[in-house]
Amino acid sequence: MSKRFQTLGTADLAQRIFRVEVLDNLLKPSNFPAFLTTYANWAFDAKERTEDGFNDYVYIGPDEAPAGSSAFLFGPPTAGSARTKFDVIESYPWVPVLTSLAATAKIHVDGYIADYFWSYTLKSYRGPTKVKTTETWSAQRHTISVPSTILQGQPFGIQYYQNSFSLPETLHTSYGAWTLGTKDTADHPSWGDVSVSFSLAATSLTDWPTTHIISDRQEQAQGGWLRKTVEAYAPGT
């Protein structure tokens, strides 16, 4: 039997697509592969399959072949093992982390609270970031879901009697509840004796995770689907 055998794409065993070329006079309806069917063994590539460590293949389609021959492409029936590479992107904006927040009353000489002094600290970073790209090939479309925990900050804003205060989107733990009043030892000349309470609920993530998925997509490649997941590593890791 005349047959050619070659590997396409990456050298990673779990990622490879196999091409089998067979003379047409050796093909019969009984051994012609069916599209997207998984084979534990197929007559024309059993030997190579054993040598290369695969157990099951899925037929993913034909390929061009010389006159008088037919070519068949086979790949893993499920996603292959991940192939990874590391790199550095020049700039990535990490959501700031609010690490402290306090309000201190400003007492007027007449005894009322004129306003509040706000103090807070932020951990922020925008600069070179290490990233990891993971590529996984599959004969079938990958299932890509939104991560259960998202790196998403929340803004904070409050309007109180004497003034207002706001912060941009941050990651943070919970703060409060706090009460901002107008009276210390005397009523406020405009507002009298009133107050407003506020609290700040914690975000789903309160600090930068060790890794964070910034991109997860798939595209058709080599008769199947190639998924590329990009993870960013937290500053300092």
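The legends below accompany close-up views of a predicted model.

View 1. Read from the N terminus, the elements follow the order β-β-β-α-β-β-β-β-β-β-β-β-β-β. The chain has 237 residues, of which 40% are buried, and its accessible surface amounts to about 13,200 Å², with 50% of that area belonging to carbon and sulfur atoms. Among contacts with a separation of 6 or more, those between residues 24 or more positions apart account for 64%.

**View 2. Strand 5 and its pairing with strand 4.** Strand 5 covers residues 69–75, and because seven of its seven residues are buried, the strand is largely enclosed by the rest of the structure. In a regular strand, side chains alternate between the two faces of the sheet. Here Ser69, Ala71, Leu73 and Gly75 point one way, while Ser70, Phe72 and Phe74 point the other way, and all of them are buried. Strand 4, residues 57–63, pairs with strand 5 in the antiparallel sense over five bridges, and valine 58 stands opposite glycine 75 of strand 5. Five residues lie between the two strands of this hairpin, in which glycine 68 adopts a positive phi near 90°.

View 3. Side chains of opposite charge can pair when their charged atoms come close. The count for the model comes to six salt bridges. In one of them, lysine 132 is joined to glutamate 231, with the closest N and O atoms 3.5 Å apart. Lysine 132 and glutamate 231 are both buried. Glutamate 135 forms a salt bridge with lysine 228, where the closest N and O atoms are 3.9 Å apart. Glutamate 135 counts as buried at 12% relative accessibility, whereas lysine 228, with a relative accessible area of 22%, is partly exposed; the cut-off for burial is under 20%. Glu135 and Lys228 also take part, together with Glu219, in a network of salt bridges.

**View 4. The loop between strand 10 and strand 11, with histidine 188.** Histidine 188 sits in the loop that joins strand 10 (175–181) to strand 11 (195–200), and its relative accessible area of 12% makes it buried. The side chain of histidine 188 reaches the backbone nitrogen of tryptophan 191 at 3.3 Å. Apart from residues up to four places away in sequence, histidine 188 touches Tyr112, Ile113, Gln162 and Thr182. A salt bridge at 3.8 Å, N to O, joins the side chains of aspartate 187 and lysine 183. Aspartate 187 is partly exposed at 43% relative accessibility, and lysine 183 is likewise partly exposed, with a relative accessible area of 37%.

**View 5. The largest nonpolar core and the surroundings of leucine 101.** In soluble globular proteins, nonpolar side chains tend to be buried together. The largest nonpolar core holds 14 residues, and the members that touch the most others are Leu101, Trp118, Phe156, Ile158, Tyr160, Phe165 and Leu180. At least two residues of this core are supplied by each of strand 6 (83–107), strand 7, strand 8 (154–159), strand 9 (164–170), strand 10 and strand 11, and the largest share, three residues, comes from strand 7. Leaving out residues up to four places away in sequence, leucine 101 touches Trp118, Ser119, Tyr120, Phe156, Phe165, Leu167, Tyr175, Trp178 and Leu200. A second, separate core has twelve residues, including Val97, Val131, Leu171 and Ala234.

**View 6. Proline 235, in the segment after strand 13.** Proline 235 is partly exposed, its relative accessible area being 24%. Beyond its neighbours within four places in sequence, proline 235 is in contact with Trp94, Tyr125 and Trp208. Proline 235 and arginine 126 are 109 residues apart in sequence, and the distance from C-alpha to C-alpha is 9.0 Å.

Note on methods: Residues are numbered from 1 along each chain as its sequence is written. This is a predicted model: local features need pLDDT of at least 70, side-chain atom pairs count only at pLDDT 80 or more; totals for chains, interfaces and linings use all residues. Side-chain values use heavy atoms; hydrogens and water are left out. A salt bridge is a side-chain nitrogen of Lys or Arg within 4 Å of a carboxyl oxygen of Asp or Glu. Buried means under 20% relative accessible area, exposed over 50%, partly exposed in between (1.4 Å probe, protein chains only). Helices (H or I, at least four residues) and strands (E, at least two) are DSSP runs, numbered from the N terminus. Contact means heavy atoms within 4.5 Å. Accessible areas come from the Shrake-Rupley method with a 1.4 Å probe; for residues, only the protein chains shown count as cover. Two strands pair if DSSP finds at least two bridges between them. A polar contact is a pair of N or O atoms within 3.5 Å; within protein, one must be able to donate a hydrogen and the other to accept it, and residues adjacent in sequence count only if both atoms are side-chain atoms. A nonpolar core is a set of buried Ala, Val, Leu, Ile, Met, Phe, Trp, Tyr and Cys residues joined through side-chain atoms within 4.5 Å.
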